[in-house]
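This briefing looks at a ligand site, a pocket and some local backbone and side-chain features, grouped by topic.

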Amino acid sequence: MFITLEGPEGSGKSSQLPDLADFLRRTGYNVLTTREPGGTPIGDQVRSVLLDKENTTMQPRTEILLFQASRSQLVDQVIRPHLEKGGLVLCDRYADSTLAYQGFGYGRDINELRAIINFATGGLKPDLTLLLDVDVEVGLTRRQKGGDVNRLDIFELTFHQNVRRGYHRLAQAEPQRWVTIDAGQPPERVQREIRKIILDRLRAKE
Ligand code: TYD
């Protein structure tokens, strides 16, 4: 099963993932965790180009293609092989991030992006996507407190609000794949909710 975590900045995805993976491993699942952009040696090199604050001249189409380059490498080198072995993949961001950020955030054509994503992933879609939904200002404040601010964090508030609204639209359009979680709750409660949702899905499949 292929599970992705999505959400706006500061939604806490990345800090929830290790505990979640440990829990699922203890429960007996063969879990592989990864993240985007990155997750492979080539993808990590692409990631540093994408997030480098010095790269102020990066063009929107360049950015879109670099995200897909990192993604296609990750799908072929890491995600598909693990799924083929019957494993469980947990991925911090995936194709929906391109639709939310480059599509809804920048207002680029969604269908055009879907075609590029389809090429990059060979059509691989998640079985379940968890949206860790948090108010944009709350999320950005969390990020700034963590001192971990990247090139995409410094865009203005409306951009991030459009990203969040984009996620809501994506989730509404495919309710069987998406589950939305209130990530404004204390982290322990978010973790409990995520575990329950995933276990229910896994058990329904067995
Ligand atoms: P990262 O530091 O991993 O942020 P986060 O902890 O929020 O996941 O940086 C990834 C950034 O790249 C984040 O701002 C979202 C953005 N992004 C896109 O714009 N498009 C994409 O396709 C992906 C995968 C990420």
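The helix that gives the most to the shell around the ligand is α4, with four residues; helices (H or I, at least four residues) and strands (E, at least two) are DSSP runs, numbered from the N terminus. This is a predicted model, in which local features need pLDDT of at least 70 and side-chain atom pairs count only at pLDDT 80 or more, while totals for chains, interfaces and linings use all residues. Residues are numbered from 1 along each chain as its sequence is written, and side-chain values use heavy atoms, with hydrogens and water left out.

**Ligand site**

- There are 17 residues around the ligand, of which Lys13, Arg93, Thr98, Gln102 and Arg143 come nearest; a residue is counted here if one of its heavy atoms lies within 4 Å of the molecule.
- At least two residues of the shell come from each of α1 (13-26), α2 (41-51), α3 (60-84) and α4 (95-105).
- Sorted by class, the shell comprises seven charged, five polar and five nonpolar residues, where Ala, Val, Leu, Ile, Met, Phe, Trp, Tyr, Cys and Pro count as nonpolar, Asp, Glu, Lys and Arg as charged, and the others, Gly among them, as polar.
- Polar contacts (pairs of N or O atoms within 3.5 Å) to ligand oxygen atoms include one from the side chain of lysine 13 at 2.9 Å, one from that of arginine 93 at 2.6 Å and one from that of threonine 98 at 2.6 Å.
- On its own the ligand has 540 Å² of accessible area, and the protein covers 94% of this; such areas come from the Shrake-Rupley method with a 1.4 Å probe.

**Second largest pocket**

- The volume of the second largest pocket is about 190 Å³; on a 1 Å grid over the protein atoms alone, a pocket is an open set of points where a 1.4 Å probe fits, with protein on both sides within 12 Å along at least five of seven lines, and lining residues have an atom within 4 Å of a point.
- Of its 13 lining residues, Ala95, Leu99, Arg114, Ile117 and Lys125 are the closest to its centre.
- The largest share of this lining, four residues, comes from α5, and both α4 and α5 (110-121) supply at least two residues each.
- The lining has six nonpolar, four charged and three polar residues.

**Salt bridge and backbone features**

- Among the nine salt bridges (a side-chain nitrogen of Lys or Arg within 4 Å of a carboxyl oxygen of Asp or Glu) is the one between arginine 25 and aspartate 22, at 3.8 Å from N to O; because these residues are three apart in helix α1, about one helical turn separates them.
- Most residues other than glycine have a negative phi, and most peptide bonds are trans.
- Arginine 93, in the loop between β3 (88-92) and α4, has a positive phi of about 75° although it is not a glycine.
- Glutamate 36 and proline 37 are joined by a cis peptide bond with omega of about -15°, and proline 37 is in the loop between β2 (31-35) and α2.

Technical notes: Polar contact = N/O pair within 3.5 Å; in protein donor to acceptor, adjacent residues only side chain to side chain. Points joined across faces, edges and corners; volume = space filled by probe spheres on them.
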